[in-house]
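Good morning, and thank you for making time on the agenda. I would ask you to look at the structure with me before we discuss its contacts.

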4 protein chains.
Amino acid sequence: MNRKLRMGMIGGGTGSFIGDVHRKASGIDGMIELVCGAFSSTAEKSISSGKALFLPEDRCYGTFEEMILKEKELPEGERMDFVSIVTPNHMHFPPAKMALENGFHVVSDKPITLTLDEAIELEKIVKKTGKLFALTHNYTGHPMVKQAKALVDHGDIGNIRKVQVQYLQGWLSTAVEQTGQKQASWRVDPKRSGIGGALGDIGTHAENLVEYITGLKIDELAADLGVFGEGRTLDDDGNVLLRMENGAKGTMSFSQIALGEENNLAIKVYGDKGSLEWHQENPNQLITHWLEEPVKIYTPNGNNLYNEALNVSRIPAGHPEGYLEAFATIYKNFATHLMAVLNGETIEKPDYPTAKDGVRGMQFIYAAVASDKNNAAWEKVD
Amino acid sequence: MNRKLRMGMIGGGTGSFIGDVHRKASGIDGMIELVCGAFSSTAEKSISSGKALFLPEDRCYGTFEEMILKEKELPEGERMDFVSIVTPNHMHFPPAKMALENGFHVVSDKPITLTLDEAIELEKIVKKTGKLFALTHNYTGHPMVKQAKALVDHGDIGNIRKVQVQYLQGWLSTAVEQTGQKQASWRVDPKRSGIGGALGDIGTHAENLVEYITGLKIDELAADLGVFGEGRTLDDDGNVLLRMENGAKGTMSFSQIALGEENNLAIKVYGDKGSLEWHQENPNQLITHWLEEPVKIYTPNGNNLYNEALNVSRIPAGHPEGYLEAFATIYKNFATHLMAVLNGETIEKPDYPTAKDGVRGMQFIYAAVASDKNNAAWEKVD
Amino acid sequence: MNRKLRMGMIGGGTGSFIGDVHRKASGIDGMIELVCGAFSSTAEKSISSGKALFLPEDRCYGTFEEMILKEKELPEGERMDFVSIVTPNHMHFPPAKMALENGFHVVSDKPITLTLDEAIELEKIVKKTGKLFALTHNYTGHPMVKQAKALVDHGDIGNIRKVQVQYLQGWLSTAVEQTGQKQASWRVDPKRSGIGGALGDIGTHAENLVEYITGLKIDELAADLGVFGEGRTLDDDGNVLLRMENGAKGTMSFSQIALGEENNLAIKVYGDKGSLEWHQENPNQLITHWLEEPVKIYTPNGNNLYNEALNVSRIPAGHPEGYLEAFATIYKNFATHLMAVLNGETIEKPDYPTAKDGVRGMQFIYAAVASDKNNAAWEKVD
Amino acid sequence: MNRKLRMGMIGGGTGSFIGDVHRKASGIDGMIELVCGAFSSTAEKSISSGKALFLPEDRCYGTFEEMILKEKELPEGERMDFVSIVTPNHMHFPPAKMALENGFHVVSDKPITLTLDEAIELEKIVKKTGKLFALTHNYTGHPMVKQAKALVDHGDIGNIRKVQVQYLQGWLSTAVEQTGQKQASWRVDPKRSGIGGALGDIGTHAENLVEYITGLKIDELAADLGVFGEGRTLDDDGNVLLRMENGAKGTMSFSQIALGEENNLAIKVYGDKGSLEWHQENPNQLITHWLEEPVKIYTPNGNNLYNEALNVSRIPAGHPEGYLEAFATIYKNFATHLMAVLNGETIEKPDYPTAKDGVRGMQFIYAAVASDKNNAAWEKVD
């Protein structure tokens, strides 16, 4: 491959939080360039957003349909290779489906779709079309999350007995959605967000992280969802009991009304030989405990790491990498895979979340809502 | 009062962890002296323990019954004023009852008794006899716990919406009770520990802390208890959903198989104006968040504290106080009350846990066990 | 400006640490694209490096001289706008001078040059040519460093009395330069590094940070340099007393033999109204103390920040930004300035380090070496 | 020994900070009882203080001379065994000398005396009289300081190359001595404090800590003292370059005008095999770094400790011990030694600071003042 991969973006117009994140993250490793976009709901706005990104006007489209169809007709040396979908949840499935069916690979923000049915269908489309699909569960891109997973995979902490995972934010503590804040308004709207509020927005990250690190599925859960913000219909808080498939037990807590919390995603995993602890807000530390040794703290590119962690560290120890870098790792691993595919090569173990993880996330949302409706009775996650 | 208060100890022979703690804690503030004890199950061992504590042989008794009866016959200028009960749980009720009924005040370790029935009876005896009774929920003695409670009481953090409390230890990760470790062996034995394992031993501290700081009762709970240690019958782990009386929701997690955790009691309380966070292992910080201000961290004898916190700080800011000092504060407040009583004075708001808190702890244990038996169905705590 | 700025890189071939950093950092904000490079000492290696970066072969040059001359002849719509110099210290001045004198703007790694004389000459060339020059003292790009500077500038912490700054690394604790490690070998070589070892490599960052945040110049210093690594001639450790121009006093410590330290740059500034503390390894916190208020901790995009800090935060609070992002801020502010210039506009207060800061850094190096040679006698920094 | 040791206190009347600390600390381990005191400058005040401590009036003396002479005449079964001197610096030497020469052992607060000459004389008196003398450099009593020293002594961190020690307080940031604050007023008065201000009050703790942990003497120093508080004549701030006897280099910083700092004593020691870091405000952690292993954190009664640390931990891991407990360890080790002596036994390696450490502290003060007067020229510490 003697060129960068070409990305077309769907959503992410001027002022978008997550669109900007995707652009920055995809740019860090120098493997991807943004070549076109359907950034907004009107052609005019889309062009305005695109110009600010130095795109030519004729690659700024008014709708994703237009973009997919027109790009498809461009010569191979020019047209986009994949789309990046950064719209609200209800607009994940339609462009993903259309892009895949028209020969484009897809990177999509999470949750994968609005409904579980869509998710299952999308997974099938991915299989059928043979195109690549990455879901940006970005927190799994951190070196210390990779190290955590590796410590589990290599058996270092033994059989897992207990997990604690939380994802706490406080930005919906007041009714910001009534002030016209765009990030808030679609998230509290079931039509655009789906049946989960905080549950879908951040609970799915917690679910993904715990299953990713432990390699264990949540077998069943008991969820007590809360709706604290005045006038809201979707959950803005949740407390969940977990039972993992191997008999381990645990808790999950997520919230967007945990006043003062910024982006406090954290996980603890206790085995019968060791335990580990990771905090997203201080991501460059992995705290571990052992039966007969002192506490050990791992750092990116520090001593005694597994290759899984070393592979995703970009800079020397002590030079903190953060949110964008972890996000970039999802793009990098996707790009590496896609370049291999375009070169006619294969890759042994592509390391990024896929449609399967997306389906899993939707199953989690549906199980939690079902449990909550039944006064937090146990519900299987499948 | 022109003399120190005289304490007689029940339990706490040589090698005891908690007996030593009670002795050190009661000694710190110079208001209490140990004058006698029934430290062990035989007179010989008791004398041996007492001698190591520089007690005269004739004040070292073979049984608590003997101690109570003989001390009662000593002249007022000499006999003990109160007993301190530091035995395993099954031996809390009998000496407490006998001491109270024979005119002695009581300080008792927690949980208050082996069973809920005993607890209710003991509370009645306390009322009937009019004697003072303190329960050593020692963690409420920390200056920063007092400040946390004061922030809630003064309305600073507003209406509480969410709580998280955990008490995690790892010392029962392996079957230490099979190695002859005394601390472990009685704790895993229902006859001596009661129907709760980790639940009674440390879960009650978590329950007490959350109700103490928030001023709210746990209305109902859903408890999923775990028994991970081989051969155990009592829980060594538990995850609990909480619903507070005001509609707040939360989680509690406690464990003695959380490998590597030392004594990780921690609490977070989220209101609609502010939130707070306290960690027992780093007790000299109270972390608070606010809607429109930066994170603020309070420290003992630091800036902007409420009197409730200032009153229990012994030394200047930056000089860490720890476990023993907080424990000592329970004794100090009890001693201050008792001295007032002995001087024929009254005290406005004695600040230490009482039999009422002990009953509450037993209700919590019983509710959690009942819920767990019913597959973590909701159970009222009353 | 309707296109990205075009960057040509000097140095930074495959395997380079800092070249990779400059590329990633310059790419994050989507304002700059790499269009050419003289990456290595031979054309062959340079081409190989360039190809891995998806550059066309004819834009990969064998020498910086060739690059500057050939790019100059390309049409304006195609040729590079500025060079980024990422070579070892002895190769900073020659390409910077030539680029400036041939009409190209310059971004250069620090220290600005090999010698103080070169630095002074380069500052003159910058003035004479009127081209822009940015020096990548990257740590000043952190939001919390901006907030620290703003707290000082707005008078919040009052008159500064005391400073502590340190930059501690441990990677030269053993003689890694003898193992063929490239990063180490040039840094311990006076011909390529200059008269300072750790002093020039990291001491200058400490000097820059303390002068940047306090707005005060170091008036004089007393430096005790150490050479601990066997066979080394340049300092790998240093301890320095500081006297600031306003009468404040302080210490600086830097080291590359502080075993186990990764990249521990940290600063404390004490005023007579408040004080502040920042740690590079945990860059998303600014800890502040006040006469009559509790400790306050600021976070990027958190509450109560000055615009100076808000302006350089890319993502919401709690989403950690790190080393690359701060580095990117230098590029972003340089690019913003350069775009304005190319558009014929002016900018009020360009916010990035310039040749003046570079001269200051060299003065610091020379003062410290002179002091050290005189048994740590006081030496003026000018 | 079948009784507690009997302590007489000199100084420490009601309202005294350090007297209260000595009383609490000496009481924790149940080996010492306070039996008499010359607490204040008048008999009346002394009696009032003594009564509040439940002492009989006839053991409350108006002067230390009276106490020493009268106690000497009491029968052995009754009179005090040792004195505890907790007066301002100028009143350390006279009572210490008189007590020793009248057959009493001595515990004294630091610095040992007002002048170096007195210190040297006192050391001789200790030797001549054969009485025990303990100096309360309390910070060496922490388990993690013992572990730090043990790691050095056992060779684990190799040859020491670099040290950093600081003792930062902010309580003299404003002129509190002019508000009648007693703690402040004598500390800024050369007649009562000696030639060092912050230097003697807290700098000596820093000096003691660095020599205690490293086992190395400070060979020479270069001190730049500051006087920031209006109207002060003694230093309230100091920055010092250190050269240790083995060639290691380092810095020391102490201050009482470091606004917002509470009691920030901290030390880092870098060897060629490992390094260690300890912070008094978070005393239950010892952070260590290693060439080829991750960061390891030791905790009191945690895994992998040396006996030196285990010996001084009172309670299980995770139950924080603080300032009083470390202080108590000095008393405990002194009491253990004294009991042995009174029993006619010997003890192999008594572990508490002695008159020798006191002389060392005075040499440090004198060297620092001499260096400062000579514009921070190097001065030998001897």
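I begin with residues 35–136 of chain A, whose end C-alpha atoms lie 20 Å apart. This span is 42% helix and 15% strand. An unreviewed UniProt entry annotates the span as "domain: Gfo/Idh/MocA-like oxidoreductase N-terminal". Please bear in mind that we are looking at a predicted model.

The domain assignment divides chain A in another way: domain 1 covers 5–131, and domain 2 covers 142–313 + 359–380. The C-alpha centres of these two domains of chain A are 27 Å apart. Each contributes to the contact between them, with 16 residues from domain 1 of chain A and 16 residues from domain 2 of chain A.

How much area do domain 1 and domain 2 of chain A bury between them? The value is about 1,300 Å², with 65% of it on carbon and sulfur atoms. On the domain 1 side, Lys110(A), Leu114(A) and Leu116(A) supply 40% of the buried area, more than any other three residues.

Helix H5 of chain A, residues 116–129, gives four residues to the domain 1 side, the largest share. By class, that side has eight nonpolar, six polar and two charged residues.

I now turn to the interface between chains. Here 34 residues of chain A are in contact with 34 residues of chain C. Together the two chains bury about 2,600 Å², of which 65% is on carbon and sulfur atoms. Within chain A, the residues that lose the most area to chain C are Phe54(A), Glu262(A) and Pro320(A), together 24% of what that side buries.

Which side chains meet in a salt bridge with N to O at 3.6 Å? They are those of Lys24(A) and Asp29(C). Between chain A and chain C the count is two salt bridges, and 10 residue pairs are in polar contact, again with both at pLDDT 80 or more. Two elements of chain A give two or more residues to this side: helix H1 (17–28) and helix H11 (323–342). H1(A) gives the most, with five residues. The side of chain A that touches chain C comprises 15 nonpolar, 10 polar and nine charged residues.

Definitions and conventions
Residues are numbered from 1 along each chain as its sequence is written. Chains are lettered from A and ligands numbered from 1 in the order in which they are written. This is a predicted model: local features need pLDDT of at least 70, side-chain atom pairs count only at pLDDT 80 or more; totals for chains, interfaces and linings use all residues. Side-chain values use heavy atoms; hydrogens and water are left out. Contact means heavy atoms within 4.5 Å. Buried area is the accessible area (1.4 Å probe) that two parts lose on being put together, summed over both. A salt bridge is a side-chain nitrogen of Lys or Arg within 4 Å of a carboxyl oxygen of Asp or Glu. A polar contact is a pair of N or O atoms within 3.5 Å; within protein, one must be able to donate a hydrogen and the other to accept it, and residues adjacent in sequence count only if both atoms are side-chain atoms. Ala, Val, Leu, Ile, Met, Phe, Trp, Tyr, Cys and Pro count as nonpolar, Asp, Glu, Lys and Arg as charged, and the others, Gly among them, as polar. UniProt positions are given in the numbering used here, feature names are shortened, and annotations may be inferred rather than shown by experiment. Domain bounds come from an automatic or database domain assignment.
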